[in-house]
Amino acid sequence: MDYTIWTIAPIVLLPFFAFVINAFIVKKFTKLAVAISCAAILGSFGFATRIFSDFVFGKYAEDYHIHKVFNWFDLSYGSQIFKLDMGIYIDNMSAVMLFMVTGVASLIHIFSTYYMAEDKRFGRFFVYMSLFTSAMLGLVLSDNLLSVFIFWELMGFCSYSLIGFYYEKEGAGNASMKAFMTTRVGDVFFLLGILAIWSVVGNVTFVDIYRAISDGSFNSLYALGIPLATFAGFSIFMGTIGKSAQFPLQVWLPDAMFGPTPCSALIHAATMVAAGVYLSLRMYPLMEIGHLTTMIAYIGGITAFGAATIALVQTDIKAVLAYSTISQLGYMVLGVGVGSYNAAFMHLITHAVFKACLFLSAGSVIHSLHDHHTHEHVQEMPRMGGLRHKMPFTFWAMMFCTLAIAGVPFFSGFVSKDRILGDALLMALANKTYIVPMVLGFGGALLTAFYMFRMMFLTFFGEPRDKDLYDHTKKEKFSLNRNFPLLLLSVFTLGVFFSGSLTGQGFIKVASEKRYEWFKVLITKPKVEKFASYERQPWGHTDIKSNFQLSEAKYDYNYGLSAKEAHHIHHWHLIGALISIFIAFSGIFIAYMMYIKKAWNPGWWVSMFTRWYRALQNRYYFDDFYIGGLIKKGLLPFNNLLAFIDMGLYDRYAIDGWEKVNRAFYTVSGWFDNIFVDTIAVDGTGASVRLFNVVLRMIQSGKIQLYFMIIVFTLVGFIWTL
Amino acid sequence: MITLSSYLMISLALFLSGLVVMIARKNIIAILLGIELILNSAALNFAAYTRFVNQNIEGHIVSLFIIVIAAAEAAVGLGIVIRFFQMRESIHIDDAAQLQS
Amino acid sequence: MHGSSHLLNWILWMPFIGVLGNLLIPGSKKNAIRYWSLINTAITFILTLVLYKNFDTSVAGMQEAYNFSIPWIKQFNIFYTVGVDGISLPMIILTGLLFFLCILSSWTVEKSVKGYFSLFLFLQASVFGVFLSLDFFLFYVFWEVMLIPMFFLIGIWGGENKEYAAVKFFLYTFFGSILMLVGMVALYYAKGKGVDAFNILALSGGQFTDLKLSMFGSEFSFDKLFFVFMFIGFAIKVPVFPFHTWLPHAHVQAPTAVSVILAGVLLKMGTYGFLRIAYPIFPSASVYFADAIAWLGLVNVIYGAFCAMAQTDVKKLVAYSSVSHMGFVMLGLAAMTTQGMNGAVLQMFNHGTSTAMMFLLIGILYERSHHRYIVRPDGSKGFGGLYTQLPKFSIVFIIAMFASMGLPGLSGFISEALIFLGIYERYTTITVLALIGLLLGAAYLLWMFKRMFFGDVIEECKSYTDMNAREIAYMLPLCVAVIVFGIYPAPILNMMKASVGSLVKLLGTY
Amino acid sequence: MFDNILFLLSASLTVVGAFSVVLTKNLMHSCVYLLAALFGMAGLYATLGADFLAATQLVVYVGGVVILMLFAVMLTGGDQDKENKFGITKVPAMGNTKTFIAGGISALVIALVILRLVANIAKQNPQGDLPNYMSTVVEIGTKLVTDHVLAFEISSVLLLGALVGAAVIARPARGDDQ
């Protein structure tokens with residue numbers, strides 16, 4: 001079967017229709033709605049698997065794309081052309097991404113049927129999940145930034161709804177709003193980037209952007225005095241910062257844990273937050289020509305390390321995972337920054353797998369621990385301990401994932417993270433500015449290993465610290481919807497699925513290059529010059545499967561460089577790997593000494609670094625600064641002031657003031673009318689008659705002598721005129 | 001030298017006296033006295049002009065009529081005064097400022 | 001008289017028939033009046049749909065088939081001319097739809113039912129008149145006539161400070177109208193008082209570009225001067241920034257349905273005026289003043305959003321959000337590109353639907369709560385936990401809210417995106433700043449939503465009942481419109497693109 | 001000579017009498033001064049050769065009118081109210097400074113006007129023939145019954161009317177207690 005639209009679109013449409021249908025039936029047929037959601041995502045998974053297998057296991061070509069477009073709307077009139085096309089774009093990266101997203105989402109859907117079953121809004125959860133999945137898949141399939149933005153925002157909405165899922169809680173409202181608003185800050189920049197690119201390219205299709213980059217269209221163009229590539233690249237990267245919770249917009253992600261745990265697993269760990277990194281990777285050529293990679297590396301490094309430090313002091317199991325997510329996303333961004341393109345993407349995939357698993361395991365733990373006094377689930381690690389006896393499956397699944405995230409060899413996390421760190425090391429050697437991100441990256445790795453094992457030790461090892469809680473916890477029995485997703489995901493934390501070599505850098509080669517180094521072969525930096533002559537297919541076009549065999553890509557161990565140059569790279573990669581391994585085990589060892597052997601007292605560290613400890617507990621005061629400072633002290637007073645100026649001053653005086661002016665006018669004109677026109681001119685006529693009358697009446701007094709005098713004077717006057 | 005002017009001056013003095021009496025006095029009878037003076041000044045003029053200017057007797061006749069009229073006037077005026085006094089017990093001219101009693 | 005169809009006449013005069021019918025029904029038969037009004041508006045709405053069905057989207061100018069013109073006041077060459085093109089059609093459909101739904105939402109009005117519905121239908125007729133008139137004088141007459149029912153609807157059925165609001169609304173608009181009247185008369189003389197001196201189509205095309213006017217001893221450019229006059233006249237209606245303060249008062253005091261019409265339709269009359277009169281008649285001045293329009297639009301966007309965030313009255317908040325959103329329309333108009341102008345017209349339509357939803361929802365809430373405080377003056381919560389108490393209401397509210405803030409997939413996004421695409425190249429700085437408005441737009445709405453809907457149900461809200469069938473019935477069409485046009489806006493864009501395109505082409509020549 | 005003496009005496013008597021009428025504060029006195037002035041007038045008539053006129057003056061004025069006046073004064077004598085019916089203080093019956101100022105100004109003005117007229121006459125200074133002191137009675141009688149018969153008759157009717165009128169007016173109203 002070849003690729004027509006009907007074999008691709010269902011990936012998005014199945015969950016979307018599930019959402020539409022469920023939105024109407026969820027109230028009455030909750031079970032059916034859940035079934036529809038799960039079936040839809042599994043269907044998507046099926047279609048995605050087909051694409052994945054064709055791209056990965058087929059005789060692939062590294063630059064083969066499926067690109068179908070349809071016209072969304074067309075505003076052309078005469079010579080003015082404006083068309084907005086939407087389309088599907090599948091290349092190797094999206095194929096892998098599709099597979100990961102649908103796979104993880106399917107497993108999380110399955111797990112949710114266990115986790116959410118007792119929730120009163122069981123059905124509604126699946127409605128949101130379906131919408132989210134379709135949005136995420138839509139994003140992956142998008143061929144242009146605008147549709148990426150659309151699905152990106154839709155995911156934001158789903159995230160908002162799911163964080164605010166327990167809307168009875170006041171905190172959920174705050175958290176959901178915070179999440180939406182913080183990412184919205186990034187999104188606005190993202191939209192700005194889209195506009196900037198549109199102004200150059202006249203389009204925002206990836207293909208056209210690449211072509212424009214290769215044409216040099218971005219050169220010597222400026223927006224607001226900044227080179228346009230930098231401007232646009234930075235704006236788009238701001239979208240990544242928001243969505244992937246990078247410094248300084250990382251504040252929302254820990255709060256996002258207010259949502260149900262499976263949604264945290266899917267949205268705030270595996271997929272949505274990774275979409276930011278996915279976007280950065282897609283726009284990597286733009287970042288490169290915009291000279292943004294250094295900044296990206298710094299942001300990644302700072303995030304990776306900073307979030308890891310905060311994770312050290314968390315006691316809530318989900319909070320630890322949330323900060324570890326931020327930290328791992330930081331590694332991905334660091335990978336983008338140091339030009340470790342496919343390692344960053346690989347870390348995205350591996351992280352999605354193990355972090356989803358970690359969250360689901362945490363969910364499994366939390367769900368089991370039910371406080372009989374408060375009737376709430378327990379998330380605090382100080383009340384756990386020794387749980388590996390009660391829930392062995394969960395324990396082993398979580399253990400695998402922890403090993404992966406800690407960077408233990410033979411696990412996926414090691415493969416991807418080590419490659420990022422190795423590339424960072426190489427970059428630092430070549431360019432001193434990269435030393436800081438590199439050191440932060442290695443430091444973060446140490447902390448990661450430590451806090452993850454701290455979490456494991458506190459949760460599963462040692463003696464139960466809350467005996468009552470422990471005794472009431474049922475022993476875990478294997479159930480398909482609870483344990484199967486965990487175990488399947490944990491299996492995929494093994495490194496062999498991602499790389500044929502131990503580290504992915506050619507440290508220890510396990511098997512022939514091409515078959516097992518599929519990731520390195522498939523995922524390469526977009527070669528923009530190839531897109532110069534690229535033509536897209538119409539919507540109805542059928543992509544013939546046999547075309548996939550056009551030109552076989554080869555795994556080039558030496559990166560296309562000379563053996564000597566490559567040797568240098570391999571050499572330093574090896575050193576980096578050794579450092580990583582050392583670091584990982586050191587972290588684990590410290591955790592072991594602190595929490596199992598209890599040889600070292602963590603309290604001592606706390607007392608030594610009280611101020612730092614407080615800063616960490618307060619998340620470096622970011623929330624205080626943003627909410628307490630910027631918003632409460634800056635924005636809201638400003639708003640109130642402006643509103644006061646608007647209604648209290650402007651409207652009251654400048655607008656209603658006209659009434660006063662008018663009143664003054666009408667007072668004066670009324671006065672004028674009254675005095676001059678009416679009194680003087682009109683009444684004056686009467687008054688003059690009256691005056692005459694008064695005078696005459698005075699004359700007509702009946703006093704004869706007066707008459708006589710008048711006669712005399714009249715006579716005098718008369719004589720005088722003679 | 002007795003000329004026309006001399007008589008005219010006397011006449012003027014009489015007239016002015018009558019005038020002042022008429023204006024300044026508030027007593028009706030006094031006003032009547034003023035009227036008499038003025039009438040006399042007029043009569044004197046007629047007589048003087050007869051003597052100095054046209055020499056015929058017409059002036060005397062007019063003067064004579066003036067005297068007659070003055071007598072009639074005095075009779076009627078004083079009658080009115082008496083009557084007024086009977087009504088108002090006053091011969092003050094300001095009390096006689098109304099057309100109606 | 002040319003054109004054979006009387007469809008436009010029917011649309012225009014149908015509400016008047018409704019008014020007459022209402023006047024014949026005794027005032028005590030309230031339900032009869034309501035049903036009659038409902039039927040009347042339904043027929044009108046159907047007629048507008050018929051118009052849409054027969055509309056030829058490829059024609060840029062007026063639709064020949066529906067033009068209708070007869071002399072009205074022959075001595076002054078005033079004609080009764082009505083016509084429809086791609087710019088007015090979306091507005092006409094919007095008017096038909098919103099009035100129909102507003103009649104439904106006004107079912108609970110008990111105070112002087114007969115007067116209310118009669119005035120309401122009267123208002124509808126005058127609004128149709130504005131959108132359909134092609135004779136400037138006729139346009140002006142309808143523009144002014146519209147004030148009368150509005151004045152009484154606000155002044156009689158309004159809130160506690162209704163007289164103030166009504167008078168303010170009236171005077172404000174009237175001030176603008178007077179400037180417009182001056183412009184109209186000036187055009188009449190400039191055109192030589194001929195047969196087409198009041199004909200908007202005959203006046204348009206930029207024929208007054210080089211005309212000079214001497215006044216007060218100096219020379220003025222005719223088109224710039226009267227463009228400013230017209231601008232102020234229309235800007236008050238939009239409302240553009242310095243002339244916006246009537247809006248919060250009028251909205252807050254007006255009864256629900258009138259707020260809906262005010263925000264949904266009446267504000268669009270202002271921007272419609274730009275598209276129909278100010279731009280085509282004075283294209284060179286429009287281009288000349290585009291910068292000013294853009295900056296004013298920006299101020300609207302930002303300022304409205306900031307002010308909205310400070311409000312504690314829901315209705316006032318939404319009123320200020322209207323100021324902000326109409327700022328986007330102004331931005332689109334200032335862009336004078338295909339995308340921008342189409343986006344502006346689309347935004348007019350979309351804002352009409354989404355803000356109508358908001359106001360209708362607030363009206364529904366008000367019927368239960370009898371207050372609109374998010375935070376009461378004493379600092380306590382006015383609402384709380386509505387999500388738990390009113391689930392259906394909340395879902396509709398979420399749709400309306402996100403449509404209003406421009407969530408992709410809902411209608412507001414496409415228009416805003418088009419506007420931004422249109423304006424970016426010409427006004428980069430303004431675009432950057434206007435995007436802040438987008439951010440703030442989300443902020444104030446979400447903050448309001450958080451404060452009203454999340455958390456525990458406060459004691460007072462526990463008695464509220466969820467939306468009933470009638471309320472769902474009139475919210476549903478708007479929900480559908482918001483979602484459908486969010487996903488697939490082509491039906492509306494196709495309607496307008498030829499007309500807007502020809503206007504852009506005209507402006508492009510200056 | 002006699003003429004001159006007579007003129008001077010008569011003129012003095014007339015002018016002094018007239019001024020005394022003006023200046024005296026007593027009504028009775030003023031009547032008497034009027035009498036003196038009228039006597040002087042008679043003397044002046046005499047110097048003008050108007051013998052009949054002088055005689056008539058004496059008979060009518062001095063013997064009639066002034067006596068009539070004196071009777072009237074005596075009839076209306078007695079206490080006069082100092083206030084009118086509105087309670088406003090009345091001007092004294094014989095006038096006060098204000099009234100005399102008003103009268104004086106009037107007199108001054110008219111004096112100036114008349115002097116302006118008289119000045120012209122004085123310049124011409126007509127000098128007719130001196131009277132021959134013949135009796136004018138015949139001539140006047142002739143004239144009265146010839147040329148001026150109508151005026152004569154009218155004046156007699158006037159006198160009659162005045163007489164009857166004075167009697168009627170002065171008579172108390174019918175039924176009047178006074």
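Trainee: How many residues of chain A are in contact with residues of chain B?

Mentor: Please keep in mind that this is a predicted model. Here two residues are in contact if their C-beta atoms, placed from the backbone, lie within 7 Å, and with that cut-off 8 residues of chain A are in contact with 8 residues of chain B. On the chain A side, these residues divide into 4 nonpolar, 3 polar and 1 charged.

Trainee: How many residues of chain B are in contact with chain D, and which helices of chain B supply them?

Mentor: The size of an interface is often given as the accessible area lost when the parts come together. Here we count residues instead: 61 residues of chain B are in contact with 82 residues of chain D. On the chain B side, α1 (4-24), α2 (28-54) and α3 (58-88) each supply at least two residues, and the largest share, 22 residues, comes from α3(B). By kind, the residues on this side of chain B divide into 42 nonpolar, 12 polar and 7 charged.

Trainee: Now for the sheet: in what order do the strands of the open sheet in chain A lie, and which are the edge strands?

Mentor: The 3 strands of this open sheet have the order β2-β1-β7 in chain A, with mixed pairing. The edge strands, each of which pairs on one side only, are β2 (83-90) and β7 (537-538) of chain A.

Trainee: In which sense do β1 and β7 of chain A pair, parallel or antiparallel?

Mentor: Strand β1 (residues 66-74) of chain A pairs with β7(A) in the parallel sense, over 2 bridges, and A:Val69 stands opposite A:Pro538 in β7(A).

Technical notes:
Residues are numbered from 1 along each chain as its sequence is written. Chains are lettered from A and ligands numbered from 1 in the order in which they are written. This is a predicted model: local features need pLDDT of at least 70, side-chain atom pairs count only at pLDDT 80 or more; totals for chains, interfaces and linings use all residues. Helices (H or I, at least four residues) and strands (E, at least two) are DSSP runs, numbered from the N terminus. Ala, Val, Leu, Ile, Met, Phe, Trp, Tyr, Cys and Pro count as nonpolar, Asp, Glu, Lys and Arg as charged, and the others, Gly among them, as polar. Two strands pair if DSSP finds at least two bridges between them.
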